Amino acid sequence: MTNLSKFYQKTWQQRLQALIDQKIISDQQRKILQCSASDPELGDQQIENYLTHYNLPEGLALHYLINGKRYLIPMVTEEPSVIAASSHGAAIIEKSGGFTTKVSGHLLWGQIVFEKVSQPEKLKKNLEEQQEKLILIANQAHPSLQKRGGGARHLRVRILAADLVSLDLAIDTQEAMGANMVNSMLEAVANYLGTQISAPVLLSVLSNLADESLAQASCRIPVEFLTRPQLAGQQVAEKIAVASRLAQLDPYRAATHNKGIMNGVDAVAIAMGNDWRAIESAAHAFAVKSGSYRGLSQWQLNSDNSILEGKITLPLPVAVVGGSIKIVPLVQLNQQLAKINSATQLAEIIASVGLAQNLAALQALVSEGIQQGHMRLQLRATILAAGAQPNEVATILKQMQQMKKTDLTTAQSLLAKKHESEH
Ligand code: MEV
């Protein structure tokens, strides 16, 4: 049995040594952990039981023109085709005049849920009547937020079942994502209510269904800009509109449609040090708000069929301060690259990236299919997986392209032949 007792109390070096002593990793593997540990002191402060930094590739998406302003957009992703697709989608939209965006607010909902409620209607009325007082208590728990122009704004009460009632507070978190602020404000209100309401508080925490933090991006593309080698732009546009309708009708397709959107959204969220799990859960909860799960974007042709109009609406509870943003130098560099200085601007960028990503995926899907482009980009990863060093990839790639092969076995055998000839 392995013994890693008090692992969290050990220093980073001691932790690696304990894994070796327990024969969990080899000395060679310790070197891998050490090499990736770009900043062990920082890592140790960020999380418990820190081992190493897990590196993901970061690249720049180009061609983003949003509300008349050009942006360079850092994206972090391991999926080979994401940044290429993003820049491609953005380039088509750039030619068409760029993205137009609208951000409707930056409010987070926080929930205080009462259980064992005997008279839900009475409780609802009681809570609603105390709106002013409850908002005051919430704001007193975080006065600095109010000083910055944020704070609790309004509340609503929802009867969820005969015995369950949710008191929801809408809180403006300004430039932060605000999870900790919201949670501590909720706890203050819950403590106050605990003294006067007989139904016990089951839990109090923010809701990730951030439907009061919506960002919309739209674009208008002349159909000729969608032309593919085998298909006229008009046909591509018509098919994209049908694919969009399909994503509204079929949850199986909607899940994949939205996954493509989130390829871009998450990649920017990670680069900007944001909580991408919160953004993911918000997006999917929002996608099913009507009762059936739907695509988050819509594409349709205008009245004379000459322009493809695209629109996306996403809940984006994003931040430019707080969390790990200030302590991770790369995040600050990324903010500088994208010239971002407000949560609103970040939301505008992310919504635009989601729409561009979706356009590129749909354009490929309804024309030549995605495999051609994917496999071209995936090939490098396959060659590396076959054991090639980065400086060997170009040679093997060329050979595989000549042979029209994309599989791991071919990569392995070409690599073996290369190594034999070198000896
Ligand atoms: C792949 O990561 C994403 C796509 O499947 C998205 C889509 O089908 O719309 C290409």
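## Salt bridge between Glu 94 and Arg 70

Glu 94 is partly exposed, with a relative accessible area of 23%; buried means under 20% relative accessible area, exposed over 50%, and partly exposed in between (1.4 Å probe, protein chains only). Its side chain meets that of Arg 70 in a salt bridge (2.5 Å, N to O). This pair links distant parts of the chain, with Glu 94 in helix H4 (residues 82-95) and Arg 70 in strand S2 (residues 69-76), 24 residues apart. Arg 70 counts as exposed, at 56% relative accessibility.

Helices (H or I, at least four residues) and strands (E, at least two) are DSSP runs, numbered from the N terminus. A salt bridge is a side-chain nitrogen of Lys or Arg within 4 Å of a carboxyl oxygen of Asp or Glu.

## Basis of the model

This is a predicted model, in which local features need pLDDT of at least 70 and side-chain atom pairs count only at pLDDT 80 or more, while totals for chains, interfaces and linings use all residues. Residues are numbered from 1 along each chain as its sequence is written, and side-chain values use heavy atoms, with hydrogens and water left out.

## Other salt bridges

The structure holds 15 salt bridges. One of them joins the side chains of Asp 168 and Arg 158 (2.6 Å, N to O). Asp 168 lies in strand S6 (residues 164-172) and Arg 158 in strand S5 (residues 151-161), so the pair ties together parts that are 10 residues apart in sequence. Asp 168 is buried, at 1% relative accessible area, whereas Arg 158 is partly exposed at 30% relative accessibility. Salt bridges that share partners join Arg 156, Arg 158 and Asp 168 into one network.
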